[in-house]
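Subject: The structure, and what I found in it

Hello,

Here is the structure I promised to pass on. Please open it first, then read my notes below.

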Amino acid sequence: WLKNILPPCLGPTVVRALALVQSALSGMPALSGEGDGMAIDGRGVGIMDGSTGYVLLQNGVPEDDLFRLIWSARALVDSQWHAAVKATHKAYLDVGAKYITTNSYATQPTYYEKAFASPAGRKVACELLGPEQVPAEDGWQAAMLEHAKLSAQLAVQARAEHGGTANVAVLGSLPPLVESHRPDKFFEALAAKGEQFFVEHYRDLARALLDGGSDMLIAETLNCWEEAHLALQGVRALALSDKRAIELIVSFEGSFRDTSMKPRPEAAPDAFHKTLAFDFGGAEVKLVAIGLNCSPPEDIVLSLSALKDSGVLQELTARGVEVAVYANLHERAVYDEGFDVGEIDVVGGAEEPKKPAGAGSPIKKRLDMVGDFGGHDGYVRFAREVAGTYGVQLIGGCCGCGPSGVKAVADGV
């Protein structure tokens, strides 16, 4: 804000001086720069977007029983909410995001089968959408892929309508195919369904996202290396079969929880190293970045520390692969105890809390990250730390971080 009220000849100098003072007091490296991102050892910081589901609620999408089945995909299955999806993307573009992520995190087989193939789910969908809008019982997979493609099309439209955003990339989101923050459920499904279930769904979802106009793919919030390995195989299969050139970001749930939900930051180096070493078998796939996301900031710092101590961060630099970080700003108990999308009351995570829509475990934002008045000072300090100490080049927000949080990072890092 100083740059906005001081004369042009003084603003940058004063801001830089204050940064040096803060650096001396905190022991953190001083960052400097102007424009789209602070310069860190000559490299720019790319600003990613933040949470989608919570902003969709702000934009009118109902937190009803169908939302609890398919989360943010609720805005895809009903055309009246397509404008809300675009408004959500534009809100992040307004505050300086250079990477916007498709609203496809919930277009995944576990959610869609439960919503559109089970009797209970179909009853909910028919009541809220009307029977004519509900896919046939055996058509849920086709609907899932149609909605994944649509999510990319809406992001591309939002970018075009926003104007002046030629340098903005649309990231096609490839989510966990069972549940977030639940490696136990992933391994159960892997044993029951087999590897091909995952590889084929990742391949088909990736194709839909790219056909919809995504510039690159981001496989995100992956529970473990085993899940990432299947996503990588799916992307490789697509690149080979369709003879496509694909750019890819792979991002792990930053706590690296074990099947009892206990964080294991010591697992980060092995997962990153195996991702770097993955053999794409002649497929034209470029690994753009490896990331850590949707976990508490303190867990991400521990994982980054393990990566630095093991030499993996240096290996990433040597290979020209960037590091991405976008943390979860909610109180961690709901994740430590075992996340389940159907049991969560998310209104507490919206930028402007609304009256609760029903029973559930309310997710609350961490005041040490967002502050009493939403200034996100704590998260900005975290972002500066991961950029300055660990050389993270891509920074955004995950659950609990809306446009105001991303703006704070864009302004402060």
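Contact here means heavy atoms within 4.5 Å. Keep that in mind for Ser 214. Leaving aside neighbours within four places in sequence, Ser 214 is in contact with Thr 102, Ala 152, Val 170, Leu 171, Gly 172 and Leu 209. You will find Ser 214 in the loop between α11 and β6 (216-222). Its relative accessibility is 8%, so Ser 214 counts as buried. Now look at Lys 149. Ser 214 and Lys 149 are 65 residues apart in sequence. In space, their C-alpha atoms are 8.9 Å apart.

The average pLDDT of the chain is 87. At least 70 is reached by 83% of the residues. Two stretches need care. Over residues 1-42, pLDDT stays under 50. The model has 47 contacts beyond four places in sequence for residues 1-42. Over residues 344-361, the pLDDT is also below 50. That stretch has 51 contacts in the model beyond near neighbours in sequence. Where pLDDT is low, the predicted coordinates should not be read in detail.

The whole chain

The chain has 413 residues, and 58% of them are buried. It contains 19 helices and twelve strands. Take the contacts in the chain with a separation of 6 or more: 76% of them are between residues 24 or more positions apart.

Two helix pairs

Two packed helices are described by the angle between their axes and the distance between the axes.

Start with helix α11 (residues 195-211) and helix α12 (residues 225-242). They pack at an angle of about 55 degrees, and their axes are 8 Å apart. α11 and α12 are therefore oblique to each other. Their crossing is right-handed. On the α11 side, the contact is made by Glu 195, Phe 198, Val 199, Tyr 202, Arg 203, Ala 206, Arg 207 and Leu 210. On the α12 side, the residues include Leu 230, Ala 231, Gly 234, Ala 237 and Leu 238. What kinds of residues make up the contact of α11 with α12? Nine are nonpolar, three are polar and five are charged.

Now go to helix α18 (residues 377-390) and helix α19 (residues 403-412). The angle here is about 45 degrees, with the axes 9 Å apart. α18 and α19 are therefore oblique to each other. The crossing of α18 and α19 is right-handed. From α18 come Tyr 379, Val 380, Ala 383 and Arg 384. From α19 come Ala 408, Val 409 and Gly 412. The residues of this contact divide into five nonpolar, one polar and one charged.

Is Ile 290 buried or exposed? Its relative accessibility is 0%, so Ile 290 counts as buried. Ile 290 is in strand β8 (residues 285-293). Not counting residues up to four places away in sequence, Ile 290 touches Val 250, Phe 252, Phe 272, Thr 275, Leu 276, Leu 316, Val 321, Glu 322, Val 323 and Ala 324. Leu 394 is 104 residues from Ile 290 along the chain. The C-alpha atoms of Ile 290 and Leu 394 are separated by 9.8 Å.

Val 178 sits in the loop between β5 (169-174) and α10 (183-193). Its relative accessible area is 10%, so Val 178 is buried. Leaving aside neighbours within four places in sequence, Val 178 is in contact with Gln 108, Thr 110, Tyr 111, Lys 185, Phe 186, Ala 189 and Phe 198. Val 178 and Ala 106 are 72 residues apart along the chain. Their C-alpha atoms are separated by 10.0 Å.

Two positive phi values

Most residues other than glycine have a negative phi. Lys 243 has a positive phi of about 50 degrees, although it is not a glycine. Lys 243 is in the loop between α12 and β7 (246-253). With a relative accessible area of 74%, Lys 243 is exposed.

His 376 also has a positive phi, near 60 degrees. His 376 is in the loop between α17 (367-370) and α18. At 2% relative accessibility, His 376 counts as buried.

Best wishes

Terms used. Residues are numbered from 1 along each chain as its sequence is written. This is a predicted model: local features need pLDDT of at least 70, side-chain atom pairs count only at pLDDT 80 or more; totals for chains, interfaces and linings use all residues. Side-chain values use heavy atoms; hydrogens and water are left out. pLDDT is the predictor's confidence in each residue, from 0 to 100. Axes are lines fitted to C-alpha atoms, for helices over the stretch in contact, and angles run from 0 to 180 degrees between N-to-C directions. Helices (H or I, at least four residues) and strands (E, at least two) are DSSP runs, numbered from the N terminus. Angles under 35 degrees count as roughly parallel, over 145 as roughly antiparallel, 65 to 115 as roughly perpendicular and the rest as oblique. A crossing is left-handed if the near helix is turned anticlockwise from the far one by less than a right angle, and right-handed if clockwise. Ala, Val, Leu, Ile, Met, Phe, Trp, Tyr, Cys and Pro count as nonpolar, Asp, Glu, Lys and Arg as charged, and the others, Gly among them, as polar. Buried means under 20% relative accessible area, exposed over 50%, partly exposed in between (1.4 Å probe, protein chains only).
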